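Please open the model in the viewer and keep the selection tool at hand.

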Amino acid sequence: MYEHDVLVVGGGGAGLRAAIAAHEAGADVAIVSKLHPVRSHTGAAEGGINAALQAGDSWEDHAYDTMKGSDYLADAPAVETFAQTSPEEVIQLEHWGMPFSREEDGTVSQRPFGGLSFPRTTYAGAETGHHLLHTLYEQVVKRGIEVYQEWFVTRLAVTDEDDPAERTAHGIVAIDTKTGEVAGFKARNGVILATGGAGQAYDHTTNAVANTGDGISMAYRAGVPIEDMEMIQFHPTTLPSTGVLITEGVRGEGGRLFNRHGERFMFEYGYATNDGELASRDVVSRAELTEVNEGRGIEDEYVYLDMRHLGEERILDRLENIVHLAEDFEGVNALEQPMPVKPGQHYMMGGIETNENGETCIDGLYAAGECACVSLHGANRLGGNALPDLFVFGSRAGRHAAGEDLGEPMIQVGPDEDAERADVEWPVEPGEVEPTVSEPATDGGSADADAVVDDAVEAEREHIEDLLAREDGVKHMEIRKKVQQAMTQWVNVFREEEGIEKALEEIREARERYQDVYVADKSRTYNTDLQHTLETLAVLDVAESIAMGALARTEFRGAHWRAEHQERKDDEWIKHTMLSWNDGEPEMWYRPVLLKGKDTEYEPKERHY
Amino acid sequence: MSTETPDTETSEVASPQTRRLKAKAARKAEREAASEGEIEGETVELKIFRYDPEIADKQEPRFDTFYVPRFEGMTVLDALMDARDRYDTTLTFRHSCRQAVCGSDALFVNGSQRLGCKTQIADLQEPVQIEPLPHRPVVKDLVVDMEHFYDQMRSVEPFFDPDDLPPADQQQHQTPENREKVKTSTRCIWCGACMSSCNIAAGDNQYLGPAAINKAYRFYFDEREGEQRQKERLEIIEQEHGVWRCQTQFSCTEVCPKDIPLTEHIQELKREAVKNNLKFW
């Protein structure tokens, strides 16, 4: 058994930042990641990092923009902590050598981004995520922090009290991809989940193949509620054939959107008469699809994003990477032609419920980054707010797990007996096909930490043996692909009750077929067939929770649009959708949104851009 | 003596680096022109290297042939994924982002190092032969052991480490020119294509190799670090298995999927080393 004070699961931006913070707070910390850290999908982020750095800007304005962008589904204490801390974290990154784009006077450049009242997006060309990821990894190397790379974490080692809020996390179980060894890792202080998003629940996504939502599924099954899962961001500018992202920075620098008639539809058709192309992402994505649906798209599929008028010099200075991406993945010379773009799944606003310190309701279990929901982004994340989320809350989780006192959190976590329960008729039973009513008890939770980890390792070994022993069955990819297609068809930008129900039925069928899933590769060496099969279960958990949330929320808020419910219903719906796994029989309930921060009350207003 | 790449349009002397990159672009254009007239078949023929130390019939390395349906814009990675999902889920290769930034899928395709996700099938002769990166131990099928590459990267102390820092609430300043100077070097995605293509690295296991030297370049020329650190960095790259091993064959520059002028960076560091040594005479 491996043993450390703090274990960080995932080696992307949030995981690396958490590990550095825990290390600096004096903890023996290790990162366990299914990829080598520099392969993480933080590296694909392009646009930038929001922080109120300049005179004339303020963290209060950043907080206000974020609350408005969230369509009043974000929790104000999280938003304020975020906006206050982001500037010092950006300076910290600069001190670690991040190659930010610069002004003539040598200071860090900032550019306009969607939904922001001030140009506060710092960036490094159109490759900000790449530079952020490498800068953080370099600092991990500098500190000699241990990295278990290509170790795939499959299970949490958590005690099994009836009430999830009384459980304790003692470690994790992981498979060494190279050798197939299944091993236990004990965490003396805490486990931090930083496993990123779950774009693989969709088939048109900017996300990597590795973004399967493993951490969300593990925390959910261990008893942590997952929050606002229906809130999925569809980025308005992705390349139609691959889903490769074209940064919002193109529009930030002045890029324009056109329909087939050459009209700047954001203005012409009144989608956003003030901000036009720089309206919030949810607004632009809906506008594009409306154009296509009304016959003004190109090839009934996409619209044009044009940046030619910016001139070659400015494009190559600030957006060079976009020219390469358009060329390599769409065959378009963006210096001479407009780029075809359409909305694609990009980001999950929801995730594992945490407070401002990254804590979940399970003692010793933390989450940070895209897999977590603190909730900072609410119903719609602003461009440039994801990367600072990684290091603001990654850092806090790392410090808290290492034992630092960060003060009393304002955000409550965990099951709440008095909470309002959801009253929804599910078209099919969600959750486990055969719920395991009682898991083998580890002495009623009083077992020592080693025993909890050992039991989890044993359970995982048996599970894998069982999977590998099967002689035939259903291939995981057949299951995964059908669910991805169903989600893209029915739980996309535009959502209707009937479609969401169909998606839930597909997911149910997929869960049933998964009972007979079959791993053809019997080798222990680098068995990606086994890994993808295990990941597929996480994809099913995530897809189901998104669809359930989408069906339950009978209003239109932020990224969540419903055909039958065309308005934001503040009287009824300023509340978070919470989902508890309940040993395989999911239960939905609600927690009120905190619109009041430390001193400020954020009054819901209509969103105009 | 100026060692900078001429950047004005009127300049007539292109650096060797610029010429290489131009030649690379010209060859690509030629391939594309050649493939344009071809009548495309319905399937692509792939010959894929297979090996698994544990599975009886794969212990002896072999090539398997797959036929996958062709589509417009299909990349080598698309073809591999389709072959795996359609015919053989045991087919093993690394991949993640699909957009040439994670650096997972450097492969040996038709005899040269390329990123699978960035290589169009239409640009390749068929059958398309796909092998693991040469000069690396094969773990299974197309997966190689990258540890030695990572060791070499670590050996150049690949992290920003300035002599002094301003207070915690103030940023360091860096001129746009200096940022431009290190720009291409910061684009490395650690794919290992350069190292695999390098004859010197193949013969000298201790040679730092192009990627690691480029990483050293990235920090050596970053004006924020300071003179003391710069001196220490020079000692690392000047060592016996450092920059002097490079014989300017340009193979690393040829295969770099991010078009980093690797050979030029190595030469520039050699010049820095000479300058520094002359100082003490």
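The model on display is predicted.

**A pair of helices in chain A**

Select residues 13-24 of chain A, which form helix H1, together with residues 128-142 of chain A, which form helix H4. The axes of H1(A) and H4(A) lie 9 Å apart, and the packing angle is about 30°. The two helices are therefore roughly parallel to each other. The crossing in which H1(A) passes H4(A) is left-handed. To display the contact, show A:Gly13, A:Leu16, A:Arg17, A:Ala19 and A:Ile20 on H1(A), then A:Leu132, A:Leu133, A:Leu136, A:Tyr137, A:Gln139 and A:Val140 on H4(A). Coloured by type, the residues of this contact are 8 nonpolar, 2 polar and 1 charged.

**The contact between chains A and B**

Next, display both chains and select the residues where they meet: 45 from chain A and 43 from chain B. On the side of chain A that touches chain B, two or more residues are given by each of H3 (76-95), H4, H10 (320-330) and H15 (528-552) of chain A. Which element gives the largest share of that side? It is H4(A), with 6 residues. By type, the side of chain A that touches chain B comprises 17 nonpolar, 15 polar and 13 charged residues.

**Chain B by itself**

Chain B contains 10 helices and 7 strands. Of its 281 residues, 43% are buried. Among contacts in chain B with a separation of 6 or more, 65% join residues 24 or more positions apart.

Centre the view on A:Val32: beyond its neighbours within four places in sequence, A:Val32 is in contact with A:Leu7, A:Val9, A:Tyr148, A:Trp151, A:Val153, A:Ile172, A:Ala174 and A:Phe185.

**A glycine in a loop**

Finally, select A:Gly384, in the loop between strand S17 (372-373) and helix H11 (386-401) of chain A. Is A:Gly384 buried or exposed? A:Gly384 counts as buried, because it has 30 C-beta neighbours inside 10 Å. Leaving aside neighbours within four places in sequence, its contacts are A:Gly47, A:Gly48, A:Ile49, A:Asn50, A:Phe113 and A:Thr121.

How values were computed:
Residues numbered from 1 in each chain as written. Chains lettered and ligands numbered in written order. Predicted model: local features only at pLDDT ≥ 70, side-chain atom pairs only at ≥ 80, totals over all residues. Axes fitted to C-alpha atoms, helices over the stretch in contact; angles between N-to-C directions. Helix = DSSP H or I, 4+ residues; strand = E, 2+ residues; numbered from the N terminus. Parallel < 35°, antiparallel > 145°, perpendicular 65-115°, else oblique. Left-handed = near helix turned anticlockwise from the far one by under 90°. Contact = placed C-beta atoms within 7 Å. Nonpolar A, V, L, I, M, F, W, Y, C, P; charged D, E, K, R; others polar. Buried ≥ 20, exposed ≤ 12 C-beta atoms within 10 Å, placed from the backbone.
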